[in-house]
Amino acid sequence: MRRINLKDIVPDLEGRLKKLNTLRKVFMVLALLIIPAIPAMIVLAKYGACMQLCHAVQAVKLKDKMPIFMLFAFASNEREAAQKLIDTGNLAGYRIVGDVMIVRDDIAMTDEEAWEEAAPFFNVNAAINMGMTADNMPECYKKIIEIQQRKEKELAEGAAEYGQCPSCGAPVKSVDSEFCDKCGTRL
Ligand SMILES: [Zn+2]
């Protein structure tokens, strides 16, 4: 599985990005003079990694909460990376809930709520493609898959037993329903 290089996560990532950008420009000029190709590649790689981390920080700051897997795409140490972004002050004022969600400190959230909220975004095939297996899968993802399966079952049962609303297509949840829960059409 892919791993985030935790050494790249330092305080003030935005400041580091600016410095690396300056260095990158210097090396680009030097590389034109065919001098240090390998140092130039190292600087470019560091710049790329730093930019990705800055983008992750910005993505979290634009929202008040975000699933960790949306930032680090199921890297094997994504929770560690998220915690280090918080500890280094890049995401000051945030915390991790249920091992899965980065949440701003002023927002209350239980572990169960975090799994419920992350479930619609969790794609099990994407996780498998990134090297996740039933054996190495973190507990929080197992909880999310349970939630997804429960919701699929509820939907399937609703649709199979009582049909769908003729107006909006929403599943009818009870045989006694007089009106559609979603649009209010009489059934
Ligand atoms: Zn309806």
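Q: Which strands does helix α5 lie across, and at what angle does the helix run to β3?
A: In this predicted model, helix α5, residues 111-118, lies across β1, β2 and β3. Its direction makes an angle of about 115° with β3.

Q: Which residues of α5 are buried, and where do they sit around the axis?
A: An α-helix has 3.6 residues a turn, so residues three or four places apart point the same way. In α5 the buried residues are A114, W115, E117 and A118. They cover an arc of only 165° around the axis, which puts them on the same side of α5.

Q: In what order do the strands of the sheet stand, and is the pairing parallel or antiparallel?
A: Strands of a sheet pair through backbone hydrogen bonds, either parallel or antiparallel. Here three strands make an open sheet, ordered β1-β3-β2, with antiparallel pairing. At the edges stand β1 (65-67) and β2 (94-97); each has a single partner strand, so one side of each is left without a neighbour in the sheet. From one strand to the next, the twist averages 25°.

Q: How many bridges join β1 to β3, and which residue stands opposite K65?
A: β1 and β3 (residues 101-104) run antiparallel and are joined by three bridges. Across from K65 is V103 in β3.

Q: How many bridges does β2 share with β3, and how many residues lie between these strands?
A: The antiparallel pairing of β2 with β3 extends over four bridges. Within this pair, Y94 stands opposite R104 in β3. The two strands form a hairpin with three residues between them. In the turn, G98 has a positive phi of about 60°.

Q: Where does A92 lie, and is this residue buried or exposed?
A: A92 belongs to the loop between α4 (78-87) and β2.

Q: What span does helix α1 reach, and what span is expected?
A: Helix α1 comprises 20 residues, 13-32. From its first C-alpha to its last it reaches 28 Å, close to the 28 Å expected at 1.5 Å a residue.

Q: Which residues of α1 are buried, and which are exposed?
A: L13, R16 and F27 are the buried residues of α1. Seen down the helix axis, they fall within an arc of 50°, so they line one face of α1. These buried residues pack against α2 (37-62). On the other side of α1, exposed residues include E14, G15, T22 and K25. V26, M28, V29 and L32 are also exposed on that side.

Q: How many helices and strands does the protein chain have, and in what order do the elements run?
A: The chain has seven helices and three strands. Starting from the N terminus, the order is α-α-β-α-α-β-β-α-α-α. Its radius of gyration is 23 Å, well over the 16 Å that the globule rule gives for 187 residues, so the chain is more spread out than a compact globule. Along the principal axes, the C-alpha trace spans about 80 × 35 × 35 Å.

Q: What share of the residues in the protein chain is buried?
A: Of the 187 residues, 22% are buried. As for contacts with a separation of 6 or more, 46% are between residues 24 or more positions apart.

Technical notes
Residues are numbered from 1 along each chain as its sequence is written. This is a predicted model: local features need pLDDT of at least 70, side-chain atom pairs count only at pLDDT 80 or more; totals for chains, interfaces and linings use all residues. The expected span of a helix is 1.5 Å times one less than its number of residues. A residue is buried if 20 or more other C-beta atoms lie within 10 Å of its own, exposed if 12 or fewer, and partly exposed in between; C-beta atoms are placed from the backbone. The arc is that of the directions from the helix axis to the C-beta atoms. Two residues are in contact if their C-beta atoms, placed from the backbone, lie within 7 Å. Two strands pair if DSSP finds at least two bridges between them. Axes are lines fitted to C-alpha atoms, for helices over the stretch in contact, and angles run from 0 to 180 degrees between N-to-C directions. The radius of gyration is taken over C-alpha atoms; the globule rule is 2.2 Å times the number of residues to the power 0.38.
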